[in-house]
Amino acid sequence: MLALAAVYVAAAKFGFTMAFTAEQVTLVWPPTGLALAALLLLGSDLWPGIFIGAFVANVTMNEPMAVAVCVATGNTLEAVTATWLLGRYGEFRPSLNRLRDAVGIVAFGALASTAISATIGVTSLCAGGIQPWSQYGLLWRTWWIGDASGALLVAPLLLTWSRWPPHRPRWNDVVEASVLATGLAVTSVLVFAERVPGDAAHIRLEYTVFPFLTWAAIRFGVTGAATANALASIVAVWGTVRGLGPYATGLDDERLMLLQVFMGVAAGTGLLLGAAISERNASEARKVGMLEAALDCIITADHTGRIVEFNPAAEDTFGYRRAEAIGREMAALVIAESLRADYRQGFSRAVAEGPGGSAGRRFETMAMRADGSEFPVELSLTRIPDTDPPMFTGFIRDITEQQRVVSRLAFRATHDGLTDLFNRTEFMTRLGEAVTHAGSGGVRIAVLFVDLDRFKVINDRLGHDVGDRLLIAIARRLRACVRPGDTLARFGGDEFAILIEQAADEADVVTVTDRIHRALDQPFSIDHHELTITASIGVAFSADAVAAGPEDLLRLADLAMYRKKAAGRDRPAYS
């Protein structure tokens with residue numbers, strides 16, 4: 001707190017050297033910016049340090065004790081009010097790297113709160129008899145603009161440099177900053193520290209520093225803008241105090257006010273521009289970070305379809321380095337050759353349709369890697385807003401594994417988990433379709449119901465593991481017995497069903513059942529156990545019950561199978 005008071009006194013003494021209108025009213029008041037920055041960075045609890053510093057600075061200027069107290073009160077309220085307003089402004093960031101933060105400093109720190117100090121200070125000077133009331137308007141204006149200039153010049157400088165640099169500067173940035181600072185310093189000296197001939201007084205040479213202020217804001221953000229503003233203003237004030245530069249001629253009040261306005265406009269403009277650039281750079285950095293970290297491939301193309309951005313995920317997926325991909329046509333690089341014509345046609349349509357067109361829709365297509373291998377992808381092409389000519393960003397996701405999972409799930413939904421044969425649900429679906437077709441087209445179908453004999457004895461004696469492996473082996477042999485186009489399914493346990501479509505006569509069914517019996521006659525070797533097994537087969541033809549549904553046809557085959565079990569296994573039983 002005492003350290004802050006001491007620094008405040010030093011800054012005030014420096015500020016008093018720029019007092020022209022009155023001994024207590026200065027051209028620029030640096031303590032305003034110092035106090036604001038201190039409270040924003042260190043907390044509002046330090047306000048007594050500001051009051052002590054302001055009181056000491058004013059009382060040592062031969063002001064009466066009461067006047068010094070009032071002036072110090074105004075200076076303190078100015079800083080506290082600005083800090084409170086910025087806190088209420090909504091997540092104010094002292095780094096000033098957002099435009100709204102810079103607007104807050106200009107509106108609350110430079111324009112609004114400074115009116116408090118100007119009003120209390122000038123009123124105290126006039127009421128104390130130090131300054132005449134007739135000069136109240138001029139003194140108030142000079143005080144207010146001086147405080148505002150101090151807030152715009154000093155506060156941003158301290159706030160931004162307290163957090164800069166966020167990372168070690170690059171060598172080329174250091175060189176550029178040095179060239180910029182040298183050019184600005186030389187230009188400022190030539191404009192503000194040289195005597196202006198009378199015939200050139202009307203030429204506004206002071207605005208030649210604006211290109212450097214703009215350069216600083218664009219390339220170095222709010223930190224560069226604050227630093228450049230301070231440098232140009234220091235030279236301008238120094239030259240004006242010594243009767244040099246464009247503000248050295250004319251009436252004192254008029255020229256000093258013009259200098260204050262120039263510094264305020266330059267500082268405010270540079271600050272807002274620098275904050276806007278910093279915000280844009282931060283946004284670009286976030287976008288780059290998202291682009292670099294994205295798991296999906298992100299490829300940006302111009303209106304001709306040529307690639308202008310290729311993220312690391314795209315490098316990994318397609319096998320091209322970014323440098324190899326930039327400038328090449330997206331269709332030729334990543335789209336499967338057989339689909340390129342369709343893609344180019346769709347891309348041309350998206351370019352012609354403009355905003356709100358077909359771009360943005362997701363679709364599945366085939367992509368191609370650098371090695372020529374093709375793989376399925378999901379592609380979404382999005383038009384980038386406010387680009388002319390238009391640009392598009394493609395979001396590409398490899399869905400090979402996704403399709404594999406979907407295929408596996410679809411397979412499991414229709415197949416038995418043990419034998420990989422069709423399950424009961426899929427069999428009944430196919431049987432229903434076959435029954436419908438047979439009823440309308442006069443086609444004859446047959447259903448075979450196969451039940452393994454004495455399988456439970458083997459399962460109980462040797463265990464479920466042996467039983468499962470025996471079922472797998474049986475399924476493998478049954479698959480070899482049916483004709484292409486026939487449907488073989490496991491119904492569960494030791495039951496199987498076969499759908500024979502276009503069964504011309506009983507001979508077609510006998511051929512299949514004979515194959516099954518011959519296949520099962522061969523013993524099975526499971527875990528060093530030689531196992532033999534037989535099967536009972538029931539058969540039902542669609543002609544046996546034309547009006548029956550699939551469940552009825554299956555029931556007839558099941559009944560025939562049970563009759564076969566009772567009769568013996570020489571031949572299949574028919575419904």
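Mentor: Axes are lines fitted to C-alpha atoms, for helices over the stretch in contact, and angles run from 0 to 180 degrees between N-to-C directions. Helices (H or I, at least four residues) and strands (E, at least two) are DSSP runs, numbered from the N terminus. The model is predicted, so local features need pLDDT of at least 70 and side-chain atom pairs count only at pLDDT 80 or more, while totals for chains, interfaces and linings use all residues. Residues are numbered from 1 along each chain as its sequence is written, and side-chain values use heavy atoms, with hydrogens and water left out.

Trainee: At what angle do helix 18 and helix 19 cross?
Mentor: Two packed helices are described by the angle between their axes and the distance between the axes. Helix 18 covers residues 464-481 and helix 19 covers residues 506-521. Their axes come within 9 Å, and the crossing angle is roughly 145°.

Trainee: Which residues of helix 18 and helix 19 make the contact?
Mentor: Contact means heavy atoms within 4.5 Å. From helix 18 come Ile-474, Arg-477, Leu-478 and Cys-481. From helix 19 come Val-512, Arg-515, Ile-516, Ala-519 and Leu-520.

Trainee: Which residues of helix 17 are buried, and why do they line one face?
Mentor: Buried means under 20% relative accessible area, exposed over 50%, and partly exposed in between (1.4 Å probe, protein chains only). Seen down the axis of helix 17, the buried residues fall within an arc of 100°, so they line one face of the helix; the arc is that of the directions from the helix axis to the C-beta atoms. On the other side, Lys-456, Asp-460 and Arg-461 are exposed. The buried residues of helix 17 (residues 455-462) are Phe-455, Ile-458 and Asn-459.

Trainee: What covers the buried residues of helix 17?
Mentor: Just after helix 17, Gly-463 takes a positive phi of about 100°. The cover over the buried residues includes strand 8 (446-453), helix 18 and strand 12 (529-531).

Trainee: Which strands stand at the edges of the open sheet of five strands?
Mentor: Two strands pair if DSSP finds at least two bridges between them. The strand order is 4-3-7-6-5, with antiparallel pairing.

Trainee: How many bridges join strand 6 to strand 7?
Mentor: Strand 3 (residues 297-301) pairs with strand 7 (residues 392-398) in the antiparallel sense over five bridges, and Ala-301 stands opposite Phe-392 there. Strand 6 and strand 7 also run antiparallel, with Leu-381 opposite Gly-394. The number of bridges joining strand 6 to strand 7 is seven.

Trainee: Which helix packs on this sheet?
Mentor: The helix touches strand 5, strand 6 (374-383) and strand 7. Its direction makes about 10° with that of strand 6. This is helix 14 (residues 340-353).

Trainee: Is Ser-278 buried or exposed?
Mentor: Ser-278 is found in helix 10 (residues 252-293). Leaving aside its neighbours within four places in sequence, Ser-278 is in contact with Asn-97, Gly-221 and Val-222. Its relative accessible area is 13%, so Ser-278 is buried.
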